[in-house]
Amino acid sequence: MDEAIARYPHEHRRSAAMPLLHLWQEHFGFISDNAVLWIAEKLGLQPINILELVTFYPMFREQPAGKTHIRLCRTLSCAMAGSFELMENLCTTFGIQRPLEDAGTHNPISVSPDGNYSVEFVECLASCHTAPVCVVGEELRENVDANSIADLLKERRSPDRPRGNGGLETAAPWKSFPHPLEHRLIYKNIGHPDWTTDIDCYLRDGGYEQLKQALTLSREDIVNKVKNSGLRGRGGAGFSCGLKWSFIKPDEKRPVYLICNADESEPGTFKDRYIIHEDPHQLLEGMLISCYALNARTAYIYVRGEFHEGAKILERAIEEARTHNFLGKNVLGSRFDVEVYVHRGAGAYICGEETGLIESLEGKRGYPRIKPPYFPAVLGLYMCPTIVNNVETLCAVKHIIAMGGTEYARLGRPNNTGTRVVCVSGDVQRPGYFEIEVGAVTMGQLIYDMAGGLRPGRKLKAVIPGGSSAKVLRADERFKLRQRQTDDRAGDVDR
Ligand SMILES: Cc1cc2nc3c(=O)[nH]c(=O)nc-3n(C[C@H](O)[C@H](O)[C@H](O)COP(=O)(O)O)c2cc1C
Ligand code: FES
């Protein structure tokens, strides 16, 4: 517990409240009244400061779960693939009586009479292409067969290589990998059978060369490269990454923080999880280059609580990088010190929003802050300048150093450059991930060519193009895309 507390500045020990709650729950199974009192005292807080977290974050529970706890996704792709039938079968097998309606978001856990099993419906687990999915204990299980509960309980997989492989294992054999319409930069090694998460594998592929190169450049040079690249944030808002970075003053006296947003909870999205699970050093390298450019000495990876395996993989990658002096004191003799810590969320979707995330990282409920004045680059973590970037955005930084900003900007469209990882799930034959140049592939190509078209007997009714906040596109609808052009000469474009 002391090691967890030491990850945060002493005067901000409240940040350790969620890590301590996780540790307590992992050890004792649930958060008791004693836990609340003990953690509050340990951190010099009032018990209410801890209780407000337990009652806000769905992953914390005030009652014991079964010896084996199963979290089952009920969001769209999983619901379409039979997660409600799976829940019924689980309950019948375990003799669990579930109330017809959940009693709110808290403790909707149903425990079997013998206490051996408990089940809970949760929202999207970021593996929609292998629906239906659930987490058994701490392990993600994909393509679960609703009629083989015994298999579900038996099956075990290697913790650091989730199945999925771009949909390869869920689909009919796919001869060409990656798909010819793809342009892989960030996903170059993801899904490759010989690729592992070890640092040695990453180094053999030229890993950390861009960090070495960046350390020879001035901070201003790196920020300019990112500006010239035209990179837009990949977390949803699409804000210019270089412009955001340039809000940090070069002579800033307060500590500057970098936060990697790995909360990936948007239904239909699973791109960040694959980077974390399969190529954690790529993310770390991107973060370390970014820290150097921003003069940020501390970085946090806010990873969603359900990515238990992902958090472990990242922790291991950090320690491997430390042994090579890619992080820690005096990185590669550059006199630059930097620390990277993993911080787990606890099931609250809203913590993906950057100011809610910052509140959560400060050990509070993830209520978003009002902008202005709380723009993170000005008043962020601990009221210090903070850059929040998405996992994929930070990986792109490494490629911008490798290629140069101008060369990167040649990919994609003017003013919307580079590659993007798109995720396809639902009633298609080859659900999975695809890295494409921005604007190079139409929705029709994505659905009918890359994702193999609709499953037999299915008819396209609608497409949700980007998470549940996006407009649902009806199959018979011609829709208009507003091109992201500052001068917007092209205006609206029919698709
Ligand atoms: C409700 C809501 C949820 C969000 N969830 C995520 C998320 O899971 N991951 C993410 O990177 N950004 C998410 N965002 C966007 C972040 O607020 C922020 O714009 C982003 O992390 C900035 O990084 P970027 O500039 O690299 O995209 C969310 C925004 C909103 C409003
Ligand atoms: S909808 Fe179930 S994992 Fe995304």
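Okay, housekeeping. What we have is a predicted model, where local features need pLDDT of at least 70, side-chain atom pairs count only at pLDDT 80 or more, and totals for chains, interfaces and linings use all residues. Residues are numbered from 1 along each chain as its sequence is written, while chains are lettered from A and ligands numbered from 1 in the order in which they are written.

So, β7, residues 298–303. Strands here are DSSP E runs of at least two residues, and helices are H or I runs of at least four, numbered from the N terminus. Six of the six residues in β7 are buried, so the strand is largely enclosed by the rest of the structure. Buried means 20 or more other C-beta atoms within 10 Å of the residue's own, with C-beta atoms placed from the backbone.

Which way do they point? Thr298, Tyr300 and Tyr302 go one way, and Ala299, Ile301 and Val303 go the other. In a regular strand, side chains alternate between the two faces of the sheet.

Now the neighbours. Strands pair if DSSP finds at least two bridges between them. β6, residues 257–262, runs parallel to β7 with six bridges, and β8, residues 339–344, also pairs with β7 in parallel over six bridges. Look at Ile301: Cys260 stands opposite it, and in β8 its bridge partner is Val342.

Last stop, ligand 1. Strand β9, residues 386–390, gives the most to its shell, three residues.

Conventions
A residue is buried if 20 or more other C-beta atoms lie within 10 Å of its own, exposed if 12 or fewer, and partly exposed in between; C-beta atoms are placed from the backbone.
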